[in-house]
Structures are given as C-alpha cells and as structure tokens.
2 protein chains.
Amino acid sequence: MNDPEIKRRGLMLVLSSPSGAGKTTLSRLLLADDPNITMSVSATTRKPRPGEEEGVDYYFLSTEDFGLKVNRGEFLEHAKVFDNYYGTPRGPVEEALSDGRDVLFDIDWQGTQQLMESAEDDLVRVFILPPSGQELEMRLKKRAQDPPEVVASRMAKASDEISHYTDYDYIIVNEDVDMSLARLKSILTAERLKRKRQVGLSNFVRGLQQAL
Amino acid sequence: MNDPEIKRRGLMLVLSSPSGAGKTTLSRLLLADDPNITMSVSATTRKPRPGEEEGVDYYFLSTEDFGLKVNRGEFLEHAKVFDNYYGTPRGPVEEALSDGRDVLFDIDWQGTQQLMESAEDDLVRVFILPPSGQELEMRLKKRAQDPPEVVASRMAKASDEISHYTDYDYIIVNEDVDMSLARLKSILTAERLKRKRQVGLSNFVRGLQQAL
C-alpha cells in the first residue's frame, strides 16, 4: 500500500448514487479486490433476518440502547427508515482508521452530510452517475416486475438523489463497470498518498534529513 | 479520459523534489505514457543553446520584454537564477486548461508557492521523496565526479528542499520507479474525476433528469 515505514491513517470512502446506477456491484468488486478496505457495519433496531450475523451484517440493538448511544454521540450518522433506526457506530470506524485500514460506506446524501459534520477530514466522497436517463430507466425497470406507478416513483426519487451530486468530491459516470472499478481504485490509491493521511511522514523526513 | 459528453477543465500537475529523488525520470515516463499531458514551456532571458527551439525548449525573450511581461502579469510564476530570468507564461497554460489538456510543471517549492497564488484551483502538487538518506547520498554522488565539498553543499540544499514537503497535496516515496509511475498516474486519474474539474457535469445531469 504505502511504504512500510510510513504510518498511514485510514480513510472513509463514501459511495452514493441513485439506485440503478451500479453502486452495489462496484462496492462488491472493490471489496473483493482490495484487502485493506472493509464495509462499514451498521447498527439497527430491526430484528435479524434468518442467516444474518451480529457484527457481520449488522449490530442488532434494542430501540432503547440505540437511543442511549445516539445521546452519547456514539454514532457517526443515524437515520430512521420506516419504523427502524439505522446508524454507523463510531468506535469500530475510529479503530480501523487509527490502524491504517479504510472503511467503505454505501449511504445516501443525507448520511454523507452527517458524516461531513462528524468526520470531514477522513472522508472521500464519490458519486456514481448512470451514463444516461434511458439506461437508468431500463435498469430500474429490469430490477423488478413492478407496476408502472412504482417504477415512476422510483425514477422521481432517482432524479432527486442525482441532484445531490454537488456534495461529492469525485464523480464517476458508470458506463462500463471495469472502467469504473479502475477509476474507483485510482481514487483510493491517490487518496492514500495524500500528505495529510501519511501521519508517519514527519518522522520519515526527519530520518532522511539526519542521514544527509 | 473522461466521458466524451462531459467537458473537463485541465489541471496543472506540479512535481517537486530534492535533486536526486528521481523526478526527471518520472516526468519523462509520465509524458511518454499519457498524450493528454504536456510539459509547461518556460520563458527565459538566457541565450538559446545549440539545438534549442523557440516555443519547444523555451520561449526566448530579451530582458526588456521579460520585464514588460512581468509588469503586465503575464507570468504565472517567475524567478531570477544567477543572471537570467525564467518564468511560466500564463497564456499557453490557460489555453491548455480551457481545452481540457493537462500541463506538467517541474519546479521547486518557491515556484509552487507562486502558482498557489495565481492558480490554486487548478493545481495538483506532488512531492517526490527518496526512499532513504543513504540512497539520496548515493544518487547525488553518482551524478557527477564532483569534489566532496560540492557534494556536501548539494546535500545541504537537498535537506532544505525536503523540508518543504508540507506544502504539497500528495507525497510519493520513490523506492521503485514503476510503482511510483503507477501512483502518479493514479493521482492524475483521480484528480481528473474531481467534480470541480468536470465543468460539463451540470449539463449532463440536467440531461439525465429530463430523461427521467
């Protein structure tokens, strides 16, 4: 990754997109490709589904415990979706970053805005756009055999989500998944080389100068 | 590079390093690899050497013309080195950037500071470090059969140059030239994907939303 003698702080890679733009596929490919980045595990108040594992798929919490943790500032971001709460526990993320490991977040623009308030310096925000409206419409229709009004509402939601691309650092137009993955990997490589993340640099440079 | 329908503004890639860290080799490899980036051509008041071409190696100016251009703000940065003036003419760089082409600058920290004042938003600053003081000493000694006091003064200068790494966005420790080139290319790919450089994005997004 970086040079062994230079300690690096991990980063938080946020991927957002309207549904149907290919974000889930890209996330999966990136995680499979790069052992130094792992998916953030959310906490939730919803009941575990069959096969879901505590600490792997979610941290499962009672509504009371979730509320206590919100009050103690233990979430980097949280939201209510229908009747359940979801949130990103601060502890495991902070531990990964201190350890030089990167964390991937698959969240929407509202979650991203909350992360900006709690962790701006560690954040790398990438927005995935579909190559065309026609393509997006096709993907949203292909996803499910839903009645036209459901597709229409999903498209209206996509249009609203797209308008928030202005909150992101990098934009990838996902025309070809291999090309998009390569671009995402370049963003990760570049961000790891940022001076501010190479926290061991001042020691390294002092060593260089002493040898001169 | 980017998607054909999205117009992009070019960027100014600044490479700085102490001499002996491998910057010149990296610049040459990058220019050979990527047709969308070209070396910035400086203006100078020194006389052309045999084989040097106007507009290719340098823009050759009289001291009077150089001074006039300085007064008119036509240089992005300039400096006096021994008895001659050197500077980066603003016009050709601005034309390249507007046209979506990137420009490479091989300048020191003082030139970089001047560029920060005149062109901060377009600037991507990369500092190349040697892998170790011993390695740098070896490279500086290998470069010429100079007397020990010349090598010593060159090393003192290198130590001073290194201290300015804190002014740069990205740091590459040049242990292996292929690895460093790959990292430099990732930085270029990532920076081209920055939202702020994709000036045609708002049109593209409007088109997406109209199709939904």
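Colleague: How many of the residues in chain A are buried?

Modeller: This is a predicted model, and buried residues make up 46% of the 212 residues in its chain A.

Colleague: What else can you tell me about the build of chain A?

Modeller: Chain A has 8 helices and 9 strands, and its C-alpha trace spans about 70 × 45 × 30 Å along the principal axes. Take the contacts in chain A between residues at least 6 apart in sequence: 69% of them join residues at least 24 apart.

Colleague: Give me one residue to look at. Why is A:Ser180 called buried?

Modeller: The cut-off is under 20% relative accessible area, and A:Ser180 comes in at 0%, so it counts as buried. You'll find A:Ser180 in helix 7 (residues 177-192) of chain A. Leaving aside neighbours within four places in sequence, A:Ser180 is in contact with A:Leu26, A:Ile172, A:Val173, A:Asn174 and A:Glu175.

Colleague: And what makes B:Lys69 partly exposed?

Modeller: Partly exposed is the range between the buried limit of 20% and the exposed limit of 50%. B:Lys69 has 27% relative accessibility, so it falls in that range. B:Lys69 sits in helix 2 (residues 63-71) of chain B. With neighbours within four places in sequence left out, B:Lys69 is in contact with B:Leu61, B:Glu74 and B:Phe75.

Colleague: How far apart are the C-alpha atoms of B:Lys69 and B:Gly87?

Modeller: They are separated by 9.8 Å, and the two residues are 18 residues apart along the chain.

Colleague: On to charges. Why is the pair A:Arg8 and A:Asp102 called a salt bridge?

Modeller: The rule wants a side-chain nitrogen of Lys or Arg within 4 Å of a carboxyl oxygen of Asp or Glu. For A:Arg8 and A:Asp102 the closest N and O atoms are 3.1 Å apart, so the pair meets the rule. A:Arg8 lies in the segment before strand 1 (12-16) of chain A and A:Asp102 in strand 7 (residues 102-106) of chain A, so the pair ties together parts that are 94 residues apart in sequence.

Colleague: Are A:Arg8 and A:Asp102 buried or exposed?

Modeller: A:Arg8 is buried, with a relative accessible area of 7%, and A:Asp102 is buried at 0%. There's a network here too: salt bridges link A:Arg8, A:Asp34, A:Asp102 and A:Arg192.

Colleague: What about A:Arg72 and A:Glu74?

Modeller: Their side chains meet in a salt bridge at 3.0 Å, N to O. A:Arg72 counts as exposed at 55% relative accessibility, while A:Glu74 is partly exposed with 29%. In chain B, B:Glu52 forms a salt bridge with B:Arg46, and their closest N and O atoms are 3.0 Å apart. B:Glu52 is partly exposed at 22%, whereas B:Arg46 is buried at 8%. A search of the whole structure finds 32 salt bridges over all chains.

Colleague: How many salt bridges does the rule find across the interface of chain B and chain A?

Modeller: It finds 0 there. Polar contacts do turn up: 12 residue pairs across the interface, both residues at pLDDT 80 or more. By class, the side of chain B that touches chain A has 24 nonpolar, 12 polar and 8 charged residues.

Colleague: How much area do chain B and chain A bury between them?

Modeller: About 3800 Å², with 64% of it on carbon and sulfur atoms. B:Leu193, B:Arg195 and B:Leu212 supply 18% of the area that chain B buries against chain A, more than any other three residues. The contact takes 44 residues from chain B and 44 residues from chain A.

Colleague: How do you know that the copies meet through the same surface?

Modeller: Because 100% of the interface residues of chain B are also interface residues in chain A.

Colleague: And what makes the two copies related as by a two-fold rotation axis?

Modeller: Chain B superposes on chain A by a rotation of 180 degrees with 0.0 Å of shift along its axis, at an RMSD of 0.0 Å. The copies are therefore related as by a two-fold rotation axis. Of the residues of chain B, B:Ser186 comes closest to the rotation axis, with its C-alpha at 2.3 Å.

Note on methods: Residues numbered from 1 in each chain as written. Chains lettered and ligands numbered in written order. Heavy atoms only, no water. Contact = heavy atoms within 4.5 Å. Buried area = accessible area lost by both parts, 1.4 Å probe. Polar contact = N/O pair within 3.5 Å; in protein donor to acceptor, adjacent residues only side chain to side chain. Nonpolar A, V, L, I, M, F, W, Y, C, P; charged D, E, K, R; others polar. Least-squares fit on C-alpha atoms with pLDDT ≥ 70 in both. Helix = DSSP H or I, 4+ residues; strand = E, 2+ residues; numbered from the N terminus. Buried < 20%, exposed > 50% of the residue type's maximum accessible area, 1.4 Å probe, protein only.
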